[in-house]
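The exercises below are to be worked with the sequence and the coordinates side by side.

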Amino acid sequence: MSIIVVSLVVAFPLLLALQLRNAELAALHANIDHTARHDPVTNALTATAFAAAMQNYADRRRKIATDAGGIMIAVVVETLDTISRRYGPQWADTVMLSLADIIKTSVRSGDLVARLASNELGIFLPGASPENAQEIGARIRRRVSQAAFETEEAPLDLKLKLGGALFEGAEDFNQIRQLAGEMAFDSGTEDGEPIAIAKLPAA
């Protein structure tokens, strides 16, 4: 009996230490995975992680014979280069971080937000209708106009362009992104202006 007791007394701390070590390793791996999949400035998904998430969504929906389409919105900060040159890159980073936070609080649960380029954020709205996209776009514009984007010297000249690509089923991510970007660059920057949304031609 005493041998069993001694064995348990010795083994318990070792098992506890092993469990703690495994938990630390799991947390480290999770942190590494998060860092690899997220933009360091905005904490939004990277373009690669965004594309993979959209593909995974389409694959899962296709397996249960459910609509796998949706809308991708491109949000382009037309004046970001000007802001960076005039006030410094730290202000450009601040603008993109603030914009990403506004977008994250403006979309629906389950929607995805990513940083696609230095001045561009992308939003994936799975299963969304054009009306859903217009509501979200208007909400983003309204909240951006209400936010205080300004330095000690003057308000920042923040001009956004939004455009969307409507697609059905599994489509090539680059084609979706290109169409959304084209719609954004063709759009205006005025508040209240509808988002230009085009449907991706069937393959």
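Contact means heavy atoms within 4.5 Å. The model is a predicted one, in which local features need pLDDT of at least 70 and side-chain atom pairs count only at pLDDT 80 or more, while totals for chains, interfaces and linings use all residues. Residues are numbered from 1 along each chain as its sequence is written, and side-chain values use heavy atoms, with hydrogens and water left out.

**Exercise 1.** Describe the surroundings of arginine 37.

Solution. Begin with the element: arginine 37 is found in helix H1, residues 2-37, where helices (H or I, at least four residues) and strands (E, at least two) are DSSP runs numbered from the N terminus. Next, leave aside the neighbours within four places in sequence, and the contacts of arginine 37 are Ala44, Leu45, Thr46 and Ala49. The C-alpha atom of arginine 37 also lies 8.5 Å from that of phenylalanine 50, which is 13 residues apart from it along the chain. Finally, arginine 37 counts as partly exposed because its relative accessibility is 32%, given that buried means under 20% relative accessible area, exposed over 50% and partly exposed in between (1.4 Å probe, protein chains only).

**Exercise 2.** Determine whether aspartate 111 is buried or exposed, and what its side chain reaches.

Solution. Locate the residue first: aspartate 111 is found in the loop between H4 and strand E3 (112-117). Its relative accessible area is 11%, and therefore aspartate 111 is buried. The side chain of aspartate 111 reaches the backbone nitrogen of arginine 108 at 2.8 Å, a polar contact, that is, a pair of N or O atoms within 3.5 Å of which, within protein, one must be able to donate a hydrogen and the other to accept it, with residues adjacent in sequence counting only if both atoms are side-chain atoms. Beyond the neighbours within four places in sequence, aspartate 111 is in contact with Phe124, Leu125, Pro126 and Ile136.

**Exercise 3.** Work out how H3 and H4 pack against each other.

Solution. The two helices pack at an angle of about 140°, with their axes 6 Å apart; axes are lines fitted to C-alpha atoms, for helices over the stretch in contact, and angles run from 0 to 180 degrees between N-to-C directions. H3 is therefore oblique to H4, since angles under 35 degrees count as roughly parallel, over 145 as roughly antiparallel, 65 to 115 as roughly perpendicular and the rest as oblique. Leu80, Ile83, Ser84 and Tyr87 in H3 meet residues of H4 including Pro89, Trp91 and Met96.

**Exercise 4.** Which residues of the largest nonpolar core touch the most other members?

Solution. A nonpolar core is a set of buried Ala, Val, Leu, Ile, Met, Phe, Trp, Tyr and Cys residues joined through side-chain atoms within 4.5 Å. The largest one has 32 residues, of which Ile73, Val75, Leu99, Ile103, Ile123 and Val144 touch the most other members. H4 gives the most to this core, with seven residues. Not counting residues up to four places away in sequence, leucine 99 touches Val75, Val77, Leu121, Val144, Phe149 and Leu160.
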